[in-house]
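This report looks at how parts of one protein chain are packed and held together. Please view the sequence and the model side by side while reading.

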Amino acid sequence: MKKRLNIFLLAFPLCPVFQIQAQEKPNLVFIMADQWRGNALGCLGKEPVKTPCLDQLAREGVNFTNAVSSYPVSSPARGMLMTGMYPHKNKVTGNCNSANAPYGVELPQDARCWSDILKANGYQTGYIGKWHLDAPHKPYVDTYNNQGAVAWNEWCPKERRHGFDYWTAYGTYDYHLNPMYWDTDTPRDSFYYVNQWGPEYEADKAIEYLNKHIDKTQPFALVVSMNPPHTGYELVPDQYKEMYKNLNVETLCANRPDIPAKGTEMGDYFRNNIRNYYACMTGVDENIGRIINELKRLGLFKNTIVVFTSDHGICMGAHEQAGKDIFYEESMRIPVLISWPEKIKPKTDQTTMIAFADLYPTLLSIMGFQQQIPEEVQTFNLASILLCGKENNCIVQPYYYIQSSNPATGYRGLRTATHTFTIHATDGKVDKIILFDRRSDPYQMNNIAMQHPKLVNRLKSQLKTWLQKTEDPFFNYLCESVVEIPT
């Protein structure tokens, strides 16, 4: 594809691109949690979770309340974020593990990531926490999550770190109370464990990094990737559990038709985990607050872009789904908060349909590097919305799920302002169409595809156009399909 898809935004008035002098370039602190769903911020008043630090960040920046992860699975979401390309282009079509390794599922070493661009432009760069973009290989690293039928965890060698020159990270590892890490110069067989809750340790390392990188003539870009509230919900310090011990879970479930009844497998799964899920969030929130307070104490906050987001959400029993990997709002919806006091006016943006992967071109553009965005980047550049304060509801958010062992099997879809539309194919043959009207059916309980063939055909046409523009081979499977198929 010769032109980036973010040229779609030329239909809207664009702000002038900032010409930022070297000494004026903003710093970047990019903080992401894992599996944090979009409604779970205290300031939204939709879930009974306590997040005072993130609520404050939301007041100080732009709070995008209509944000999604287009492929709500860890590695594919992160692959899109780092490359600005969709999974069929960036090769991260599923989670990086030994089951998918034979199909080349990992972040390509030759990909031009946004971190490579910042490094090439004089930024000091650092990465702390979960990475999950390398394929495990034998002999597997000797950690608990590499002992079963599928190995998950892997070291990232320096040549695969995409410009990050400071490194305290791991592949994926879910024992949050005793996490493990590799440091910058640590070889593959010399990882270490920390007797400390992961987010607390990572905030400590971030604060240490900030104090060592306060030379205002050279900007820095730091990623802090915290694993909670990922599964392992119970692995959270007692002080945060205590805050939710009296939460009435049945009241929480009372008006949620998507949550199965008490006494069912998934209904009980939700009820048994939701308190600890919120406890993890409150703990992560507190440690994010520590990082932001240090930025302010050091006088860096004003000219630092602070981002908080998540790679995806989680169903946690809703819709009979324990995990993510699916088109429901609990899985796709994520928080996106962006603060930059020097340039961005605070607001709550309820309409812009931003996606996790759109942060690649958007951040590079507002930082002054729009002209250096590679031609292969496909995701949307929403810089004009951030810088000019404009809102629009014309951007469509795509949805992906790909079977790495058989790319002809999986989902493609679109999330519009009002509907969620997905098509499934098995071995290249379309066998399911799903359509939800989120206005009348916010919990996505009723598939109305067969009742609305005209709308299905319109959305199918729109999806085909999208797939063709992004050079997605799934396009070919739609050419012969018809509406009158099982749903």
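A residue is called buried here when its relative accessible area is under 20%, exposed when that area is over 50%, and partly exposed in between. The structure is a predicted model.

Two strands pair with β7 as described here. β1 pairs with β7 in the parallel sense over five bridges, and in this pairing Val29 stands opposite Leu222. β3 also runs parallel to β7, joined to it by six bridges; here Gln124 has Phe220 as its bridge partner.

**Helix α2**

Helix α2, residues 74-83, is mostly covered as well: ten of its ten residues are buried. Among them are Ser74, Pro76, Arg78, Met80 and Leu81.

**Salt bridges**

The structure holds 24 salt bridges.

| Pair | N to O distance |
|---|---|
| Lys119 and Asp165 | 2.3 Å |
| Glu154 and Arg188 | 2.8 Å |
| Glu329 and Arg415 | 2.9 Å |

The side chains of Lys119 and Asp165 meet in a salt bridge. Lys119 lies in helix α4 and Asp165 in the loop between β3 and β4 (166-170), so this pair ties together parts that are 46 residues apart in sequence. Lys119 counts as partly exposed because its relative accessibility is 35%. Asp165 is partly exposed too, with a relative accessible area of 37%.

Glu154 forms a salt bridge with Arg188. This pair links distant parts of the chain, 34 residues apart: Glu154 is in the loop between β3 and β4, and Arg188 is in the loop between β5 (180-183) and β6 (192-193). Are Glu154 and Arg188 buried or exposed? Both are buried.

Glu329 forms a salt bridge with Arg415. Here the linked parts are 86 residues apart, with Glu329 in helix α9 (residues 329-332) and Arg415 in strand β12 (residues 410-415). Glu329 counts as buried at 11% relative accessibility, and Arg415 is buried with a relative accessible area of 2%. Elsewhere, salt bridges that share partners join Asp34, Arg78, Lys130 and Asp311 into one network. Arg78 is also one of the buried residues of α2.

**The sheet that contains β12**

Strand β12, which carries Arg415, belongs to an open sheet of four strands. The order is β11-β12-β13-β14, and the pairing is antiparallel. β11 (397-402) and β14 (429-437) stand at the edges; each has a single partner strand, so one side of each is left without a neighbour in the sheet. From one strand to the next, the twist averages 15 degrees. Within this sheet, six bridges join β12 to β13 (residues 419-426), and the two run antiparallel. Arg412 has Ile423 in β13 as its bridge partner.

**Cysteines**

How many disulfides does a search of the whole structure find? The search finds zero. A disulfide would need a pair of cysteine sulfur atoms within 2.5 Å. For Cys43, the closest cysteine sulfur is that of Cys53, 12 Å away, which is too far for a bond. Cys280 is likewise in no disulfide; its nearest cysteine sulfur, again that of Cys53, is 16 Å away. As for accessibility, Cys43 counts as partly exposed at 35%, whereas Cys280 counts as buried at 0%.

Note on methods: Residues numbered from 1 in each chain as written. Predicted model: local features only at pLDDT ≥ 70, side-chain atom pairs only at ≥ 80, totals over all residues. Heavy atoms only, no water. Buried < 20%, exposed > 50% of the residue type's maximum accessible area, 1.4 Å probe, protein only. Pairing = 2+ DSSP bridges. Salt bridge = Lys/Arg side-chain N within 4 Å of Asp/Glu carboxyl O. Axes fitted to C-alpha atoms, helices over the stretch in contact; angles between N-to-C directions.
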